[in-house]
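The following questions and answers go through one protein model. The sequence and structure come before the discussion.

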Amino acid sequence: RLHLKAFFKEAKGVEWTHSANWGDEYKHPCEGWHGVRCDTTNTTVTGLTLFQNGLSGKLSPSLGRITSLERLDLHNNNIKGKIPSEIGNLASLQQLNLCYNELIGEIPTDLKNITKNLMMLRLHGNRLRGMITGLEKARFVTKDSSEDDLSRYIADCGYPSELEQAVGCKEC
């Protein structure tokens, strides 16, 4: 609960389009907090799905403390700043979708720590740069296709790119 509250505060939760029950002292996050997904026992948070929800502000490093996360989908918002390196602590993460925000800067090298279970990575539509390593086993959905395809670039990795300086990675 503490880490979700920190995320809510830094992503300007009071301005979200939908924020039902966020921060409710009498409800567990698995009991109706908008966009929070939980395991079958309804005790462990396994996903945050808050796409197109008016998130702004920045990503809280506290997200990296919710180590049970399997899915983090925050695409099509107005999140600013850098991707916190603490996201690299989410070893159970299978899907990371941060595309179409206002993220800038280097892709944290700590993201290499999440590649074991990662099945989808979407970072395009931001102003990111850097190397992504350890993605050999992952499958990706490119910005132009809903199909898995390793032959195309991942996010803004390689060319063509929407960026002046494209992201470099071995798989491009």
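Q: How many aromatic pairs does a search of the whole structure find?
A: The model is predicted, so local features need pLDDT of at least 70 and side-chain atom pairs count only at pLDDT 80 or more, while totals for chains, interfaces and linings use all residues. Residues are numbered from 1 along each chain as its sequence is written, and side-chain values use heavy atoms, with hydrogens and water left out. Rings of Phe, Tyr and Trp (its six-membered ring) pair if their centres lie within 6.5 Å; planes under 30 degrees apart count as stacked, over 60 as edge-to-face and the rest as tilted. The search of the whole structure gives six aromatic pairs.

Q: Is the pair of Phe8 and Trp22 stacked or edge-to-face?
A: Phe8 lies in helix 1 and Trp22 in the loop between helix 1 and strand 1, 14 residues apart, and the pair links distant parts of the chain. Helices (H or I, at least four residues) and strands (E, at least two) are DSSP runs, numbered from the N terminus. Because the ring centres are 5.6 Å apart and the planes are at 15°, the pair of Phe8 and Trp22 is stacked.

Q: Are Phe8 and Trp22 buried or exposed?
A: Buried means under 20% relative accessible area, exposed over 50%, and partly exposed in between (1.4 Å probe, protein chains only). Phe8 has 17% relative accessibility, and Trp22 has a relative accessible area of 9%. Phe8 therefore counts as buried, and Trp22 is likewise buried.

Q: At what angle are the planes of Trp22 and Trp33?
A: Trp33 is buried, with a relative accessible area of 2%. The ring centres of Trp22 and Trp33 are 5.1 Å apart, and the pair counts as tilted because the planes are at 40°.

Q: Which residues do ring pairs link into a cluster?
A: Trp22 touches residues including Phe7, Phe8, Trp16 and Trp33, not counting residues up to four places away in sequence. Contact means heavy atoms within 4.5 Å. The cluster linked by ring pairs consists of Phe7, Phe8, Trp16, Trp22 and Trp33.

Q: Which strands are the edge strands of the open sheet of three strands?
A: Two strands pair if DSSP finds at least two bridges between them. The sheet has the order 4-6-8, with parallel pairing. An edge strand pairs on one side only, which leaves strand 4 (80-81) and strand 8 (127-129).

Q: Which residue stands opposite Gly105 in strand 8?
A: Strand 4 and strand 6 (residues 102-106) pair in the parallel sense over two bridges, with Lys80 facing its bridge partner Glu102 and Gly81 opposite Leu103. Three bridges join strand 6 to strand 8, also parallel. In strand 8, the residue opposite Gly105 is Leu128.

Q: What percentage of the residues of the protein count as buried?
A: The protein has one helix and ten strands. Of the 172 residues, the buried share is 48%.
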